[in-house]
Amino acid sequence: MQLLKTSLAALALSAAGLAIAAPAHADGEVNIYSYRQPDLIKPLLDEFTKETGIATNVLFLDKGLVERIQAEGANSPADVILTVDISRLTEAKDGGVTQPVQSDVINKDIPTQYRDPDGDWFGLTTRSRVVYASKDRVQQNEITYEELADPKWKGKICTRDGQHSYNIGLIASMIAHHGEAETEKWLTGLKNNLARKPDGGDRDQAKAILAGECDLALGNSYYVGLMQTNEKEPEQKEWAAAIKVLFPNVNDRGAHVNVSGMAMAKNAPNKDNALKLMEFLSAGTAQQIYAEQVYEYPVLPGAEPSDVVKAFGTLKADPLPLSEIAANRKKASELVDKVGYNDGPSQ
């Protein structure tokens, strides 16, 4: 956990080890609980403060955000929740730590498929679950998710853990499009095409392609931008250089996308400022800054991704509402276990 600004640094630990905070009622503040790294959102928040004069206090948690707010109860200082995945947005809603927001500004800026029907959460940027393909060994420049189960790719595919939220989202979208029975057959075929047991993160799959361990991998689009521009670990530039990005299903429904997003906390003490921040984040300036900072796609229609992201190719996004995908996540997780996906390819 990492605290920015002294107003949140003073949060005390209870005897049970949970952080219980006093309410923050300052007129000129908004308190943000974030799953997203503070350095990624700092340019956004700096611009918000510049435009509005409202100070931002950020509490970063890499896990346990919902449990923390639940423990803080009515005294929670949380105003706005920022998350990095549809699963965490729905987790926050299901955990009872959000409240509905009705804003003509937000509803105008954010397309219907990227917001909760009840107004409890809103997408801010999208990322696509794409196929990383070896530039040297894969000649084709188009692919579908369905094709990943084709025996021609036997021993050629790498992925991370099947239960990871990124893969669960993709499997849930397959259930929404094809039904549970067909998705089970597809997932079994994908499992049989694995080069090894699922392991590592998305960047590790690109590394494995460079090493010749596999020819294809599933990965989020933004990791390519992060690898290409990684000055601290320049070897990641080599991983990125070994792959090309294939956006699946360009000739039919389009590629599966996930979101980073926001929600208003249930007991937001600075509700007016929280709404101002949320409306700011949905609008043009913030959409541009955010997308460029994290190598993702703005949800605001007409807003452009960064030049790095444009170089991946054209994203045709699956228009399926994320709320429908989220409704299939439990079934998706059960299928991963049912087919023994994480055991790796059958001998």
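This is a predicted model: local features need pLDDT of at least 70, side-chain atom pairs count only at pLDDT 80 or more; totals for chains, interfaces and linings use all residues.
Local features were taken only at pLDDT of at least 70 and side-chain atom pairs only at pLDDT 80 or more, whereas totals for chains, interfaces and linings use all residues. Residues are numbered from 1 along each chain as its sequence is written, and side-chain values use heavy atoms, with hydrogens and water left out.

The largest nonpolar core comprises 78 residues, a core being a set of buried Ala, Val, Leu, Ile, Met, Phe, Trp, Tyr and Cys residues joined through side-chain atoms within 4.5 Å; buried denotes under 20% relative accessible area, exposed over 50%, and partly exposed the range in between (1.4 Å probe, protein chains only). Among the residues with the most contacts inside this core are Leu 148, Trp 186 and Leu 216.

Helix H15 spans residues 329-338, helices (H or I, at least four residues) and strands (E, at least two) being DSSP runs numbered from the N terminus. Its residues Arg 329, Ala 332, Leu 335 and Val 336 are buried, and they lie on the same side of H15 because they cover an arc of only 115 degrees around the axis, as given by the directions from the helix axis to the C-beta atoms. The face turned away from this buried side carries the exposed residues Lys 330, Asp 337 and Lys 338. Arg 329 counts as buried at 11% relative accessibility; leaving aside neighbours within four places in sequence, its contacts (heavy atoms within 4.5 Å) include Asp 85, Ser 165 and Ala 172.

The largest pocket holds about 640 Å³ of space. Pockets were defined on a 1 Å grid over the protein atoms alone, as open sets of points where a 1.4 Å probe fits, with protein on both sides within 12 Å along at least five of seven lines, and lining residues have an atom within 4 Å of a point; a volume is the space filled by probe spheres set on the points, which are joined across faces, edges and corners. Of the 25 lining residues, Gln 37, Leu 40, Arg 203, Tyr 222 and Leu 226 are the closest to the centre of the largest pocket. Helix H9 gives the largest share of this lining, 3 residues. Leu 226, placed in H9 (residues 221-228), is partly exposed, with a relative accessible area of 23%, and, beyond its neighbours within four places in sequence, is in contact with Arg 203 and Tyr 295.
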